[in-house]
Amino acid sequence: MPTTLYLTRNGLLEPLGQSQVMGYLKGLSQDYQITLITFEKPEDMADTQAMAKANADCEAHGIDWRPKSFHRRPKLLASAWSMFEMFWSALQAARRGDTQLIHARSYLPAAAAWAVNRLTGTPFIFDMRALWPEELITAGRLRRDSMMHKVLVGLERRCLRDAAIVVSLTEAATHYLKQQYPNELEAQKITIIPTCTNLERFKLSSEPPSARVYGCIGTVLSGWFRLDWLAGFYLQVAARDHDALFEVVTRDDKDAVHSALDPDDILGDRLAIYPLPSDRVQEALQKQSASVMFYAGGETSELGRSPTRMGEVLGCGVPVVANEGVGDVADIIRRYNVGVIVKEGSEAAMTTALDELEALCSDPDLPSRCRKAAEEIFSLEAGTEAYRKLYAEILGRTDGPEAAPAGAQAANV
């Protein structure tokens, strides 16, 4: 059985690690011997029950999980140390012959994989996930044209050029990369695989919601989420519908979210902010009337964003309230008629969006349309098959699928 090494700086104990790492690897482990290196936050590793459960899950699928500690500070040195740990682990595995392919999820793992590739020739997949340097600029954590920005862009350029295959989340990011790096990508293959969802878990509720709940799931304190827009939308709903309820399902600090979202306590007890284990998020979504996701649309960083929450929301038959300029989000909403697009953060724009949402939600076919969009674009099975095809192509095998399945497509740029 071919051996692969999967590198990610995300933790397996995080919701994203479960949905966007382990979700794929369970399927891929049927055909590949996988070693998984993750970086777990100390508070997650302190949960012995969760650690034991994750270990058992990996063992059941033959995945050799090697968790490492995630260090937050000092920030620059912590990132550098993480990259060195990934590089050293990958280099040892490649030299022992334990790794035929490195799957690098995002930039720092890709930089480590690139270095190993230069030394050993081991091929790697640059699974971009997003346009990370641009995301850091949008979040105010990196200054354009600074020394660090130039270093990251240099790494991006080399990883795009030398990867066996590049994986992008969106069509929008692919077009941008083609313009930025025409020479590096002239002979490179880019496969588009959006963030996928386990639709066996995120599915339509058997009962309609008992109350009108306007929700939001995932982090909102990232620096690239428009929490002020979310607050404005919630206030417009509250003014019109005195029975409406609001919730934010997040692992972010509750007090910080409340202070930013409802500083004057206008929503009061109608607003709930709480975390949920990753395997229970669907319970909240199935009770929602709409799910709101506002990102820093219009920024270059957002061209590469494929919100994990979108597939989960649509899989539960719930419409989306979003903004322009975020990856392929607006295109999907319009194509399938599964939500509304907010043009700007003004009160008038929020009122217009609410009018459109009320009209949309009166359509009895809306839940089934949402589900159809999820199945055609965000299916975990389709995403897993797309990765299986890439693995087989890179390793020179002939038993992989001949065509990219629904939900994924290849673009030679």
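Author: A crossing of two helices counts as right-handed if the near helix is turned clockwise from the far one by less than a right angle, and as left-handed if the turn is anticlockwise. The structure discussed here is a predicted model.

Reader: What is the handedness of the crossing where helix 13 passes helix 15?

Author: Helix 13 covers residues 329–336 and helix 15 covers residues 366–377, and their axes come within 10 Å. As helix 13 passes helix 15, the crossing is right-handed.

Reader: Are helix 13 and helix 15 parallel or oblique to each other?

Author: The axes of these two helices cross at roughly 130°. An angle has to be over 145 degrees to count as roughly antiparallel, while 65 to 115 counts as roughly perpendicular.

Reader: Which residues in helix 15 meet helix 13, and how many residues of the contact are charged?

Author: From helix 13, the contact takes in Ile-332, Arg-335 and Tyr-336, which meet Arg-369, Ala-373, Glu-376 and Ile-377 in helix 15. The residues of this contact divide into 4 nonpolar and no polar, and the number that are charged is 3.

Reader: How far apart are the axes of helix 12 and helix 15, and is their crossing left-handed or right-handed?

Author: Helix 12, residues 308–315, packs against helix 15 at an angle of about 135°, with the axes 7 Å apart. That angle makes helix 12 oblique to helix 15. In handedness, the crossing of helix 12 and helix 15 is left-handed.

Reader: Which residues in helix 15 does helix 12 meet?

Author: Helix 12 brings Gly-311, Leu-314 and Gly-315 to this contact. The residues of the contact divide into 4 nonpolar, 2 polar and 1 charged.

Reader: Which helix gives the largest share of the lining of the second largest pocket?

Author: The second largest pocket has a volume of about 720 Å³, and of its 29 lining residues the closest to its centre are Leu-13, Gln-18, Lys-53, Ser-278 and Asp-279. Two elements give two or more residues to the lining, namely helix 3 (48–60) and helix 1 (15–28). The largest share, 6 residues, comes from helix 1.

Reader: What volume does the second largest cavity have?

Author: The structure holds 2 cavities of 30 Å³ or more. The second largest cavity is lined by residues including Met-128, Arg-129, Leu-169 and Gly-304, and its lining divides into 5 nonpolar, 3 polar and 1 charged. The volume of this cavity is about 30 Å³.

Note on methods
Residues numbered from 1 in each chain as written. Predicted model: local features only at pLDDT ≥ 70, side-chain atom pairs only at ≥ 80, totals over all residues. Heavy atoms only, no water. Axes fitted to C-alpha atoms, helices over the stretch in contact; angles between N-to-C directions. Helix = DSSP H or I, 4+ residues; strand = E, 2+ residues; numbered from the N terminus. Contact = heavy atoms within 4.5 Å. Nonpolar A, V, L, I, M, F, W, Y, C, P; charged D, E, K, R; others polar. 1 Å grid on protein atoms, 1.4 Å probe; cavity = no way out; pocket = protein on both sides within 12 Å on 5 of 7 lines; lining within 4 Å. Points joined across faces, edges and corners; volume = space filled by probe spheres on them. Parallel < 35°, antiparallel > 145°, perpendicular 65-115°, else oblique.
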